Amino acid sequence: MKLEIKIIQADHYEEMSRLAAAQVIQLVKAKPDAVLGLATGGTPIGLYRELIEDFRANGTSYEGIHTINLDEYVGMTAENSNSYASFMKENLFSHINIKPENTNIPNGSAENLEDECKRYDALIESFNGADLQVLGIGRNGHIGFNEPGTSFSSHVHIVELSQNTREANARYFPSMDEVPEKALTMGIASILKSREILLLASGHTKAQAIKELLEGSVSEDFPASALKNHQKVTLIADQDALQLVRL
Ligand code: PGA
């Protein structure tokens, strides 16, 4: 059977965010003890805003939900305002009724990073992967912090961030020098363990990556192409991100 990425077209970022939120909310209602795989970055902020609004308006409960985040910068404590732990608190966790002890993010400031990778792997294993993994895509096709060349059989590991990724993330830091050089990330195999994957893309800076994903071959040189080996991937993308693709 040929595996196909299901494509949902959105007019703009807000619509992409609403459509993604509808899928997450549907799962949370259908499975109150679901495991959500979550992502950071500019792309999912609108989705998280929608979830918060829905929580306030409709009381969708996250009491039994567990989360596993994709990645964290090496050297950053959870308290650091640039950490992904802070990002998640600020953009989602502190606004809904999820139990802090049910949220999981790799510890980038662990004394022994190899042990931390093993711990996080075992955690993902204990959940048997996420029920639904939310993903963004890097301009170079990375998913999580899996840069081009990463093995499709990779588990949680330490990565050297590419120049391209550090430049893309520099907007969050006072200067380029302060952008971390390393991160801990779920591997490609960890991501593919999810029962379902929701890939989000918005804006013209993602257009080339989306074209490569949909029209290119499956290769470790383009990490997101691994998603074509998964049986249940939905891409929700806006017109700007889809502008180079003929649908
Ligand atoms: P972005 O990052 O959402 O900030 O564009 C996505 C990614 O790099 O995976």
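**Ligand and pockets in a predicted model**

Reader: Which side chain has an N or O atom 2.4 Å from a ligand oxygen?
Author: Threonine 43. Lysine 206 also puts a polar side-chain atom 2.6 Å from an oxygen atom of the ligand.

Reader: How much of the ligand does the protein bury?
Author: 81% of the 280 Å² that the ligand exposes when taken alone. Areas are Shrake-Rupley with a 1.4 Å probe.

Reader: Which residues surround the ligand?
Author: Gly41, Gly42, Thr43, Gly136, Ile137, Gly138, His142, Arg171 and Lys206. Each has a heavy atom within 4 Å of the ligand. By class, the shell has one nonpolar, six polar and two charged residues. Gly counts as polar.

Reader: Where does the ligand sit?
Author: In the largest pocket. Sitting there requires more than half of its atoms within 2 Å of the pocket's grid points. A pocket is an open set of points on a 1 Å grid over the protein atoms alone, where a 1.4 Å probe fits, with protein on both sides within 12 Å along at least five of seven lines; lining residues have an atom within 4 Å of a point.

Reader: How much space lies in the largest pocket, roughly?
Author: About 500 Å³. It is lined by 30 residues, with Lys206 and His142 among those nearest its centre. Helix 5 (residues 163-169) gives the largest share of the lining, four residues.

Reader: New topic. How much space lies in the second largest pocket?
Author: About 310 Å³. Its lining has 16 residues, and Lys89 and Thr103 are among the closest to its centre.

Note on methods:
Residues are numbered from 1 along each chain as its sequence is written. This is a predicted model: local features need pLDDT of at least 70, side-chain atom pairs count only at pLDDT 80 or more; totals for chains, interfaces and linings use all residues. Side-chain values use heavy atoms; hydrogens and water are left out. A polar contact is a pair of N or O atoms within 3.5 Å; within protein, one must be able to donate a hydrogen and the other to accept it, and residues adjacent in sequence count only if both atoms are side-chain atoms. Grid points are joined across faces, edges and corners, and a volume is the space filled by probe spheres set on the points. Helices (H or I, at least four residues) and strands (E, at least two) are DSSP runs, numbered from the N terminus.
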